[in-house]
Amino acid sequence: MQTWTFSGNSLHILEGDITRADTRAIVNAANPRLAGGGGVDGAIQRAAGPKLLLTGQDLVRVHGMVSPGDAVITPAFDLPHDYVIHAVGPIWNGGENNEARLLESAYTVSLLLARAHNIPSLAFPAISCGAYGYPVEQAAPIALRTLAEGLEEGLVQSVQLILHGADACHHWQEQARKLL
Ligand code: AR6
């Protein structure tokens, strides 16, 4: 694990499974229908139990789909966290279709939701970097800068960026060393 500090608030970059993060809440890389899926969403749905999916479906029925760049919050049910924040990242479509702004927004809205719910510590996956196809070398600088800004502003006290696999983790740590 590597740690960076911004105005006394910390960013930890580590390898692991986000369902095991020792944070108050975790962020899911969700889809607009909150319909569940593979990747990190599948892992979170399995660990949280069936009530998470039902709650997401109820939210979408009442409030409509979650737009790319937006996020919503639910309880975490069987997970050891208080909340799951479901952030919808953009689907990569060449890079000229607002992807960067939408990715930044997915991180920012998640941080703002955490702040609004007095959540001090939050774990993020690499939103959009799996099934949604966002090239990691372009996603990482956006995610890192946005998280650093949120920590600088004191939206939360601690963020864990949890990467799946050693190679991914090394890549993000390397980018952070260059950028932060
Ligand atoms: N912990 C941390 N990171 C993980 C885990 C885990 N347990 N499992 C996978 N990752 P993805 P997206 C990493 O595809 O690209 C779903 O079906 C993974 O290696 O989960 O935003 C949703 O329902 C990758 O780096 O999310 C949506 O339909 C990162 O998490 C769609 O996929 C994100 O990959 C969202 O696609």
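The protein contains 5 helices and 7 strands, where helices (H or I, at least four residues) and strands (E, at least two) are DSSP runs numbered from the N terminus. The structure is a predicted model, in which local features need pLDDT of at least 70 and side-chain atom pairs count only at pLDDT 80 or more, while totals for chains, interfaces and linings use all residues. Residues are numbered from 1 along each chain as its sequence is written, and side-chain values use heavy atoms, with hydrogens and water left out. From the N terminus on, the order of the elements is β-β-β-α-α-β-β-α-β-α-β-α.

The C-alpha trace of the protein spans about 45 × 35 × 30 Å along its principal axes. For 180 residues, a compact globule would have a radius of gyration near 16 Å, and the 15 Å of the protein agrees with this; the radius is taken over C-alpha atoms, and the globule rule is 2.2 Å times the number of residues to the power 0.38. Buried residues make up 49% of the 180 residues, with buried meaning under 20% relative accessible area, exposed over 50% and partly exposed in between (1.4 Å probe, protein chains only).

Helix α2 (residues 50–63) has 14 residues and reaches 20 Å from its first C-alpha to its last, close to the 20 Å expected at 1.5 Å a residue, the expected span being 1.5 Å times one less than the number of residues. Its buried residues are Leu 52, Gly 56 and Val 60. Seen down the axis of α2, these buried residues fall within an arc of 70 degrees, so they line one face of the helix; the arc is that of the directions from the helix axis to the C-beta atoms. The buried residues of α2 pack against α1 (39–48), β4 (71–75) and β5 (83–88), with contact meaning heavy atoms within 4.5 Å. The face of α2 turned away from its buried side carries the exposed residues Pro 50, Lys 51, Leu 54, Arg 61 and Val 62. After α2 comes Gly 64, whose phi is positive, near 90 degrees.

A search of the whole structure finds 2 aromatic pairs. Rings of Phe, Tyr and Trp (its six-membered ring) pair if their centres lie within 6.5 Å, and planes under 30 degrees apart count as stacked, over 60 as edge-to-face and the rest as tilted. The rings of Trp 92 and Tyr 134 have their centres 4.7 Å apart and their planes at 55 degrees, so the pair is tilted. Trp 92 lies in the loop between β5 and α3 (99–116) and Tyr 134 in the loop between β6 (121–124) and α4 (136–152), so the pair ties together parts that are 42 residues apart in sequence. Trp 92 is partly exposed, at 23% relative accessible area, whereas Tyr 134, at 4%, counts as buried.
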